[in-house]
Amino acid sequence: MFRAAAAQDIPAVAQIYADIIAREGETPRTGWLPGVYPTGDTAAAALARGELFVYEENGAVLAAGILNQTQVDVYALGHWQYPAPPEEVMVLHTLVVSPAASGRGLGRRFVGFYEDYARTHGCTVARLDTNAINLPARALYGGLGYREAGVVPCDFNGISGVSLVLLEKKLP
């Protein structure tokens, strides 16, 4: 079940972040850093803004994402094929799926939830980003019809040397 997050979900979301970072090992995919980004504070701040959403199954939070209309500053450098006024653009940030639930299609389903949410809020364009080294995420988004609108070298969420891939999709 997809739903808006509640305060009691923060520890579970923070644990998913920690589990993903711990799995990075010697082949990093996200480029996230422990204690830097994302953290429980990331989830708590999104919750306070009403922007944190989770997927829950049998009482366990298995996935989370932040949905809002905030296009971070480097989005200005994107080669967007679908220009739209800010009020018509929804952005998905920090999509995570618990490693214990990986391979079950939850990332794909969460993106579907995000797109439905965007449409119900009057948005015509969906945008998101990922680290260039996150090849599984890039493949997922590409398979769901997202086009890459540029790769921008930047410092992102307190992490230096990120090559941020900007992606977009026109919503029907």
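## A walk through the fold

Residues 24 or more positions apart make up 67% of the chain's contacts with a separation of 6 or more, a contact being heavy atoms within 4.5 Å. Keep in mind that this is a predicted model, in which local features need pLDDT of at least 70, side-chain atom pairs count only at pLDDT 80 or more, and totals for chains, interfaces and linings use all residues. Residues are numbered from 1 along each chain as its sequence is written, and side-chain values use heavy atoms, with hydrogens and water left out.

Let's follow the chain from its start. Its pattern along the sequence reads β-α-α-β-β-β-α-β-α-β-β, giving four helices and seven strands. Here helices (H or I, at least four residues) and strands (E, at least two) are DSSP runs, numbered from the N terminus.

As for overall size, the C-alpha trace spans about 40 × 35 × 30 Å along its principal axes.

Now look inside. Buried residues make up 49% of the 172 residues, where buried means under 20% relative accessible area (1.4 Å probe, protein chains only). C123 counts as buried because its relative accessibility is 4%, and C154 counts as buried because its value is 11%. The structure holds zero disulfides, a disulfide being a pair of cysteine sulfur atoms within 2.5 Å.

Definitions and conventions
Buried means under 20% relative accessible area, exposed over 50%, partly exposed in between (1.4 Å probe, protein chains only).
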